[in-house]
Structure formats: C-alpha cells, structure tokens
Amino acid sequence: MVRSKNFFMKFYLALIIAFLYIPIAVLVVLSFNDSRSRVVWGGFTLEWYKTLFHNSDVVAALQNTLTIGFGSALIATVIGVLAAVGIDAMKKRSYSLTLGVGNIPMLNADIVTGIALMLWFSRFTNLGYVSILLAHVTFNIPYVILSVLPKLQQMDMSVYEAARDLGAGSVKAFTRVILPNIFPAVVSGFFMAVTMSMDDFVVTYFTKGAGINTLSTMIYGELKRGIKPEMYALSTLIFASYFFWSIICRGSGRNKYNENFRTERRLPEHEKEREKKSSGHMSAADARFADMDPYGMRKYWRRGVFCGYV
C-alpha cells in the first residue's frame, strides 16, 4: 500500500513537471531548427539567433522591457519600503484599511487596471514610455509592501528606539538600524517587481500608445502575422537567463547557509558572552556590561557603539 502510494505520488509529480517543461523543451529545439516548419527537422543552425540580434525592432523592445522593468522596480521599491514603514506604525484599524486599499492594484483584474490607467493617463498626457513606466510602478508597489511588511513585523523595534535614545536622528536610525534588518526583504521585493513588470502584457498593451513596444506586446503583434523562428530564439534566451540566474542564486544561498551553519554555534546570547569573556576576546567595557546584565540586554548598547551613536 505504501509502495503504491509512493509510486502514484512520484508519477503525479513527473506528470506535472512534464506538462510544464515539455512545451519549453520543444520551443528550445525549434530555435535551432534550420527549417521554418514546426514539424520538420531541417538540421541544426544558429541562423535565427544571428537574425534576432540584427532585428532593430527586437532590440528596441528588449531595451524598453529592461529599462521599464528595472526603472519601475526601483521606484516601486523606494515607495513601497517607505509605505511599509508607515503602515507598520499605524493603529490596527488604519493598518487594515490602508493595507486593503493598497492591495487593490494587485487583486484587481488586469484588464480593469489597464483600462483605468489608460483613461487616466490619456486625460493628462500622451500614452507612451512614461505612461507604461508609471503604470508598472502602480501595480508593483503592493508586491514590495507585502515583501517588506512581514520583515518589519518580525523586527525588534526597541533597537530603533535605543538608537534614537543614543542620539541618532530618525533618518540615520532608519538607514543604520532598520534598513540593514529588512534589506533581504527589500531585495526580494525589488526582484519580484522586476519579474512582474517584465511578465506584464495587459496593462502594458492598454497604456503603451503607438510607436513603442515591449517584448510581450511585440510578440503578440507577431502572432497576428505568424510566428517567426526568431521568436523561438528570443524565448529560449529569456528562459535560459532566468534558469541560470535562479541556479546561481540558489547555489550561493545554499553555500552561505551551510557556511553559517558550520561556523555559528547555536548558543544563548549570555552563554556566548561568557565564552568570549573566558577566552579573553571581550573588551573591558563589554565585560563590565556582561557582569551587570548577563542575559544580553546590553546588545542595544553595543549596537549603538557599532553604529557610531555613542
């Protein structure tokens, strides 16, 4: 019974993986096919990749996609981090109301958001590069907020208050205490915004205007005239870049975790300080504070010394 259950679980997993990746594998194979036919293999070639990089429309669309993606993600990250800090400091009723209103661009249907932004931007300016950038900033902000807000809620805000008590201004305390603690969530929100921006089609289609394309809208336009082999090559390059980037990030994160796990001893704070004191690696000031406070509360004082507040 257990063996049959394990077999069906593995079979189901293999079926899902095949369903997801076989079409991508076919796409990769067709990008090297010397024939324009999708059913006849004409031999191996790199001609479609050469043609791709000599296509000015594709290069312009790729440039627009990258600049809009990273530009909108950067702006949304700055706004989203500040918004998350403000929301975290609100009272319960205001917190729930503001968070609910802020999540509307993420929960709303893309076609509704696209039409609304198109009507709004066309009232004040011409549709084009700037309207796409602002539209992407609009729907990227909630993703940044949802990435940063849980990290802020896990943070011990008494460290920030200790920095303020030690003479740091609000900006300096934010950049030296809060920002380093939430930085992994900020990076996660930034790359989430980049991914959502580069993946978007509906909002971009309604707000782009004439004469400008991103990769998604350009590929959609090519579908009306028939898929060219250059699009297979372009899709393969996009998939390969994401694939290798995810492998690099996963490998570096695993190596860092293994290194920290091997080198860091899982001891309570006061036990670590006692070990440092007995080994002679503790300063005289830290030793005095360890004697007065053996349970680690002087870490706030040490944080203030490290940050240059005292």
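Reply: Start with a cut-off: buried means under 20% relative accessible area, and exposed means over 50%. This is a predicted model. In H11, the residues Leu215, Ser216, Thr217, Met218 and Glu222 count as buried.

Me: Why is threonine 204 called buried?

Reply: Threonine 204 has a relative accessible area of 1%. The limit for buried is under 20%. Therefore threonine 204 is buried. Threonine 204 sits in helix H10, residues 202–207.

Me: Which residues does threonine 204 touch, not counting residues up to four places away in sequence?

Reply: Threonine 204 touches Ile132, His136, Thr214 and Thr217. Contact means heavy atoms within 4.5 Å.

Me: Why is leucine 27 called partly exposed?

Reply: Its relative accessible area is 23%. Buried needs under 20%, exposed needs over 50%, and partly exposed is in between. So leucine 27 is partly exposed. Leucine 27 belongs to helix H1.

Me: What is leucine 27 in contact with, leaving aside its neighbours within four places in sequence?

Reply: Leucine 27 is in contact with Tyr232, Ser235 and Thr236. Take serine 235: along the chain, leucine 27 and serine 235 are 208 residues apart. Their C-alpha atoms are separated by 7.8 Å.

Me: What share of the contacts in the chain with a separation of 6 or more comes from residues 24 or more positions apart?

Reply: The share is 69%.

Me: How many helices and strands are in the chain?

Reply: The chain has 15 helices and zero strands. Of its 310 residues, 31% are buried. The accessible surface of the chain comes to about 20000 Å², and 65% of that belongs to carbon and sulfur atoms.

Me: What makes a set of residues a nonpolar core?

Reply: The members must be buried, come from a list of nonpolar types, and be joined through side-chain atoms within 4.5 Å. The largest nonpolar core has 28 residues. Val81, Val144, Val148, Leu149, Leu152, Ile178 and Ile182 touch the most other members. H3, helix H4 (92–102), helix H7 (129–154), helix H8 (158–165) and H9 each supply at least two residues of this core. The largest share, nine residues, comes from H9. Apart from this core lies another, of ten residues, with Trp48, Tyr49, Met218 and Leu234 among them.

Me: Which residues is valine 144 in contact with, leaving aside its neighbours within four places in sequence?

Reply: Valine 144 is in contact with Ala76, Thr77, Gly80, Val81, Gly189 and Ala193.

Me: What makes a space a cavity and not a pocket?

Reply: In a cavity, a 1.4 Å probe fits but cannot get out, whereas a pocket is an open set. The structure holds one cavity of 30 Å³ or more. The largest cavity has a volume of about 60 Å³. Its lining includes Thr65, His136, Met198, Asp200 and Thr204. H3 gives the most to that lining, with three residues.

Me: How do the residues of that lining divide by class?

Reply: The lining of the largest cavity has three nonpolar, seven polar and one charged. Gly counts as polar in this scheme, and Gly69 is one of the lining residues.

Me: How much space lies in the largest pocket, and what lines it?

Reply: About 870 Å³ of space lies in the largest pocket. It is lined by 28 residues, and the closest to its centre are Met198, Ile238, Phe239, Ser241 and Tyr242. H12 gives the most to this lining, with eight residues. By class, the lining has 21 nonpolar, five polar and two charged residues.

Me: How do the residues that line the second largest pocket divide?

Reply: They divide into six nonpolar, six polar and six charged. This pocket holds about 280 Å³ of space. Of its 18 lining residues, Asp57, Asn213, Met218, Glu222 and Arg225 lie nearest its centre. H11 gives the most to the lining, with six residues.

Key
Residues numbered from 1 in each chain as written. Predicted model: local features only at pLDDT ≥ 70, side-chain atom pairs only at ≥ 80, totals over all residues. Heavy atoms only, no water. 1 Å grid on protein atoms, 1.4 Å probe; cavity = no way out; pocket = protein on both sides within 12 Å on 5 of 7 lines; lining within 4 Å. Points joined across faces, edges and corners; volume = space filled by probe spheres on them. Helix = DSSP H or I, 4+ residues; strand = E, 2+ residues; numbered from the N terminus. Buried < 20%, exposed > 50% of the residue type's maximum accessible area, 1.4 Å probe, protein only. Areas by Shrake-Rupley, 256 points an atom, 1.4 Å probe, with all protein chains shown as cover.
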